[in-house]
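I am opening this notebook page to record what I looked up about side-chain packing and aromatic rings.

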Amino acid sequence: MEQKHFKNEKMKKQKENARFYFISFLILLLFSITAFGQNMDGEIYTPESFPSPYIKVTTVSVEGNKRTKDLIIIRELDFNVGDSLATFNKEEKISLGSEKRINKSDSSELIKRLRYSRENIVNTKLFLIVNLNLEYIRGNEYKLKIDVQERHYFWIFPVVRVDAPNFNEWLQDPDFDYLNMGLFTSHNNMWGLSHQASMIAFFGNSQMYGLGYYIPWIGKGQKIGLRMGVVYSNSGVVEYASADDNERQMLYDTCSLEEWLVTATVNIRPGLYNYGKIRLQAATANISDSLFALAPEYLPDGKKKISNMNLYIDYAYDSRNNKSYPLKGNYLKGFIDKRGLGILSHDVDYFYYGIDFHFYQQLGKRFYAAEMFKAVNSSSEHIAYHFKQNLTSGEDFIRGYDYYALRGDEMYYFRGNLKYELVKPKIRKPKKGKKESKFKNLQYAFYINLFSDVAYMEDEFTTNNDLNNNFLYSWGLGLDFITYYDMVLRFEYAFTYNNKTGSTNGFFFGFGMPI
């Protein structure tokens, strides 16, 4: 068993400078791939004018879907076949009786519905490109032709996972002995019905094995889905406390924390933009003698082994134009999370509830803004460290605080971005004469953004973490690189400030969308 501590400030600064020069070179290298291209997701093609103020889409056809069933695509349309759609902006007063033809308006009901429909199809994450083409038939009847280019659905590739609280923490003192190697495989469109099957296994100082299967919709109504999964993990690196100066206390010892997790989730979608989830979990956790000696309160009631059933429920409204990297729309979610139902045992009894709101706006031709606020409250007392909220992992983070332990009973945080579209979404096409491929069409886009974050982590029994029960601030400049198959890489320089540790600054990597 060994414990790891941060290097002194001089060594930290040297490493930060080295990383800064390396990432600067990497950014320049990424820019070198930019070339002439076309819009990333596709286009909408409509006539310049219409013979009547209202038209009907009476026929829908789908092309390019070699595997995906038509019904999976058509169900994402924002209107029903046969609906009357206005070709003008209903909010404007227009004398329609004297007009022989109605000029196309980007704010018309028709254009908006087509735009929402294309975004919904893109958000299935089944297609690289989605084009909609509205063709005249006769009178006020039109045909909608949906032309798609499917993604590659079957994947098998090696994975590398760092044994550390996060990637930036590992970069503080890189140790390749704490890199776990493994394999990930998945099929994201089984039977052409958007079913997903996945398997992951990695080995090293820590191990994990997982299986999952996802059925998006069951029955003719296509409003209920099902997800099932089982995961076994054995961790050789565990954060068990925080020490002076908010440093993490880490145990580096094999088989420190062993867990099983079996999950069954029912998804509901009563409307195109409304989603709900009911998730039932059975979980067990077993800690080693070494971890128990260092942190006897790591699990509830000073136990070394626990088992519990959990229930999670949420409901969300989601109108984002692109779920992988949204620029417009809203995401509004409320949730409850009950840890311990008293079925398997009475080891765990915690209750969380909260909200998660995201807002995205286009401010100008290339300017965008995004904000999010999340609050997680708890009605429980004496929460064990294993079940505390974590503000430096996964989707819960405040930029610039990756090196600190931020765990508590309740958390509240805000993230804001003001971004400029440096390189519009593009597809780098293969050279003429070469066959098009799902792999050769390189997608990319770059966004520069200014960001500002604020957070508050509340913990009733904080003794060694000055950052808890205090407001935390950060701001800085970032570059988002969006590329192949929804991958988002973030390069950020952050300044932080709080009343206890003062101000700091540094360069950070990020994976996934910032908001």
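Which residues does Tyr-298 touch, leaving out those up to four places away in sequence? I find Val-238, Glu-239, Tyr-240, Leu-257, Ile-287, Leu-291, Ala-384, Tyr-385 and His-386, where contact means heavy atoms within 4.5 Å.

Before going on I note that this is a predicted model, in which local features need pLDDT of at least 70 and side-chain atom pairs count only at pLDDT 80 or more, while totals for chains, interfaces and linings use all residues. Residues are numbered from 1 along each chain as its sequence is written, and side-chain values use heavy atoms, with hydrogens and water left out.

For the rings, I counted Phe, Tyr and Trp (its six-membered ring) as paired if their centres lie within 6.5 Å, with planes under 30 degrees apart stacked, over 60 edge-to-face and the rest tilted. By this rule there are 29 aromatic pairs. One of them, Trp-170 with Phe-176, is edge-to-face, at 5.8 Å centre to centre and 85° between the planes. Trp-170 is buried at 9% relative accessible area, whereas Phe-176 is exposed at 62%. Both belong to a cluster linked by ring pairs, together with Phe-167, Phe-491, Phe-507, Phe-509 and Phe-511.

How values were computed. Buried < 20%, exposed > 50% of the residue type's maximum accessible area, 1.4 Å probe, protein only.
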